[in-house]
Amino acid sequence: MPDPRVPVMSVPPSLSYEVVDVFTDRAFTGNPLAVVLDTDGMPTTALQSLAREFNLSETAFPQRSDDPAADYRLRIFTPAVELPFAGHPSVGAAWVLARLGRVARGRVVQECGAGLLPLEIGEDEVRLTGGAASTGDELDPAPLLAAVGLTGADLAGTPPRACGTGIDFAYLHVQPDALARTRPDLALLAELGRAGVSVFALGGSAVRARVFAGGVGVAEDPATGSAAL
């Protein structure tokens, strides 16, 4: 049924879009993304309704930029809110635009809520640079642990902090065996605010992480580029 909050005339009768899998070279793995084209001038309510219709962790809307330093503007929506920045929508949208010939491969600049961010688009990969890094004060681990169904015994050595490169997550360092035992509580995650909680563990040279983004309407994101940055 149409969303009564969005005037029907605000949405064109047809729009081109692609659904791509990011952070993978195989279909139906990685993190899916909808990229909706030619939405310049559409109201925010219409873009939000389209994102809710796709119901993926994020939907990206590349548009013309008024900034001469940018190649395009990217607006990014979860099913619930607009984000200033996100990793896999930035990578996926750049890949789609290059494949369609709308931007040239090589260095491009994306305008988004986090500012002007450069990307390098190659033949088989896209490299993304985030915004300026920020690190907050230590956080009380108790609310974070409760929101992901863990206890103090699951904590590892690094104190929890809020950090980001354009959008902030709370980072919770846990024992490796705790990752599989997380049980997110969406209501508690929403109360924490920020983009979500990145629960991570270290093992050898690898970092394993699960990101719960209940604060922006996503239970668990399959792969979160902004949190990885």
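Select Thr165 first: this residue is buried, at a relative accessible area of 10% (buried means under 20%, with a 1.4 Å probe and protein chains only as cover). Note that the model is predicted: local features need pLDDT of at least 70, side-chain atom pairs count only at pLDDT 80 or more, and totals for chains, interfaces and linings use all residues. Residues are numbered from 1 along each chain as its sequence is written, and side-chain values use heavy atoms, leaving out hydrogens and water.

Stay at Thr165. It sits in the loop between β10 (161-164) and β11 (168-173). Strands are DSSP runs of E, at least two residues; helices are runs of H or I, at least four; both are numbered from the N terminus.

Now show what Thr165 touches. Beyond residues up to four places away in sequence, the list is Phe85, Gly130, Gly131, Ala132, Ala133, Ser226 and Leu229. Contact means heavy atoms within 4.5 Å.

Next, select Val35, Tyr72, Val103, Leu119, Ile121 and Phe169. They have the most contacts inside the largest nonpolar core, which has 37 residues. Such a core is a set of buried Ala, Val, Leu, Ile, Met, Phe, Trp, Tyr and Cys residues joined through side-chain atoms within 4.5 Å.

Zoom in on Val103. Leaving aside neighbours within four places in sequence, Val103 is in contact with Tyr72, Ala94, Leu97, Ala98, Val108 and Ile121. Another core, of 15 residues, lies apart from the largest one; Leu145, Val197, Ala201 and Phe212 are among its members.

Finally, zoom out. The chain has five helices and 14 strands. Its C-alpha trace spans about 55 × 45 × 35 Å along the principal axes. Buried residues make up 45% of the 229 residues.

Conventions. Buried means under 20% relative accessible area, exposed over 50%, partly exposed in between (1.4 Å probe, protein chains only).
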